[in-house]
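Me: Could you walk me through this two-part model with a few questions and answers? Let's have a look together.

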Amino acid sequence: MISSATFHVITTELVVGSFAMAGICFLVLAIQSFGLFESEKASLISDNAGHFALGFGLLATPFAIFSGISSSPTSDLSSPLLVNKMFLSMIATGLALAVLFTRYKMGNKLWNSKSNSRIQSAAGLAASGFMLMTASAGGKFSRGESVLDFLNLPYDTIFLMPTWASGIILLAGVGSAIIAVMNLSKSSTIEH
Amino acid sequence: MLSLTSLGGANPGGVGDGDFDMQCGGACHGDASQNQTSPALLELSLEGDAYLGLPVSITASVSGIQFSSSDAIGLFLLTDVTGHSDLPEDGGWEVISDVNGGDNNYVELEGSSFEEVYTISWIVKPTVLESSTFYLSIHHGGQNTPYFAISSGLDIDVLPVPDNLPRLSSEYSPIISRDLGQQTTISVSTSDVDQLAIEWRLVDQPSSSVNATLIDNNSWEFELPPALQPSIIEWRAVMDGDGPTQTTPWFRIAAQEPALAVNQLQIYLQSFAFCVFFLTLVLTLQSRYWNDQEDLAEELDQTSLLPHQEDSVGSTPPLPEGGLPNGWTMEQWKWYGHEYLEDEK
């Protein structure tokens, strides 16, 4: 058996490595979507590698979150920094899920539209960025220093909404997500 | 990024107080083989006698430290130097409190003076009637190099408790932390004590006395004033009874910000709300622009405006009044009848 702290280290390394890889790929795709650089081969590799890395990181994310909570000093979210870590990781999870679902539904045709390709690469980059910020906050919590210290991020401040507000956002979000998924599914089945 | 990191193996930010073996599992200094010998002078001493089950203070004196850029050092109280199973707990001792208001064998201190002598203490309690040897170990950085040193051993013989010795009860363990602004009532359990006097002080300040109230047989209570900012208060008990008067070590109570008290469900719910919000945001944008692209494609598709081939070629022209002209078949009329009608006009 290994402790939850050790397991957390393993899973976070998987998550951070995968999201960092995905971030590089989405950066290449973002550059291509703005026409600053064009290479069909680079586009194909970045597309496949980026989405695969993002998916793998996403699979490891729940393990990292649960082992992180379990290995915290009081086994719950007892510090503002841990709460911020939870928020950041869940934002990254939401973005990554959306990116993967969009790619699955739209397929390669996604890159034929400039708007869609820009949204896709921006969302992928944002997912990677939020996950790396989560990892940075973890370093701040365990070692007292982080590579993002120069940004002076307000980790000690939490933006906490009332439960009812969270509930409304959750319900409205789920409803909107279902509509968006149906629209995407409908569109993706039309043959041009 | 690489150029921003130091080339040494030390971790200048430290790892925080905790219960760590001598090499702290590699957490403090990345690779123990990179350690240089610290020039620090280390010394341990015992305040009074160590009786089984009674707290006693072990004082560490440290001087001549080369501080790293973060001005932090790490100090270990150990009962072995093998690098494993060397915590006081492994030697049959319980750490009751440390200098930072915790109950750890490893503490981190901040300082900057090479000349200054730093004195800290741990309150420990022997749980077995055995002799032990304590060591003080130091980890610190300097010039991008991790430094390490260990003191000579301090042998401590644990004595059985004499009859009628005024003392704290062996099960008693003082509280070591409290929230800011909290009036603190401290309970004290004793044995063979007729009178109990309490002294308290802020660290390195003159002490004051408070009266302890006898609650019932061998149970006392006294109150400490609330703290308005994070600080440490020390207190000790002077116990009179049939035996010789005894004074406990200075126990420490750290006043700290109350732990974050929020509904965990609220945090989890908001986390999922954030997740769904950003998921929906991206899906909606993608869906919107995808549909716009389809509308544009439909607008650009003008094939419907072209005359249908079937209208011009495929439909059968109306037969003339006399019926099908001589020599024509219906099949020929279907394809060339409109030309015949044009010629007739």
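Reply: Happy to! The bend at a residue is the angle between axes fitted to the seven residues ending there and the seven starting there, while helices (H or I, at least four residues) and strands (E, at least two) are DSSP runs numbered from the N terminus. This is a predicted model, in which local features need pLDDT of at least 70, side-chain atom pairs count only at pLDDT 80 or more, and totals for chains, interfaces and linings use all residues. Residues are numbered from 1 along each chain as its sequence is written, chains are lettered from A in the order in which they are written, and side-chain values use heavy atoms, with hydrogens and water left out.

Me: What distance separates the end C-alpha atoms of H4(A)?
Reply: H4(A) has 30 residues, so 44 Å should be its span at 1.5 Å a residue. The distance in the model agrees with that, at 43 Å.

Me: Which element gives the largest share of the side of chain A that touches chain B?
Reply: Counting heavy atoms within 4.5 Å as contact, 54 residues of chain A meet 35 residues of chain B. Helices H3 (80–106), H4 (114–143) and H5 (163–189) of chain A each give two or more residues to that side. The largest share, 15 residues, comes from H5(A).

Me: How much area do chain A and chain B bury between them?
Reply: Buried area is the accessible area (1.4 Å probe) that two parts lose on being put together, summed over both. Of the area here, 73% is on carbon and sulfur atoms. Met90(A), Ile119(A) and Leu170(A) supply 13% of what chain A buries against chain B, more than any other three residues. The total for the two chains is about 3,900 Å².

Me: Which residue meets Asp192(B) in a salt bridge?
Reply: A salt bridge is a side-chain nitrogen of Lys or Arg within 4 Å of a carboxyl oxygen of Asp or Glu, and the count between chain A and chain B is zero. Over all chains there are six. Asp192(B) has a salt bridge of 2.9 Å, N to O, and its partner is Arg167(B).

Terms used:
The expected span of a helix is 1.5 Å times one less than its number of residues.
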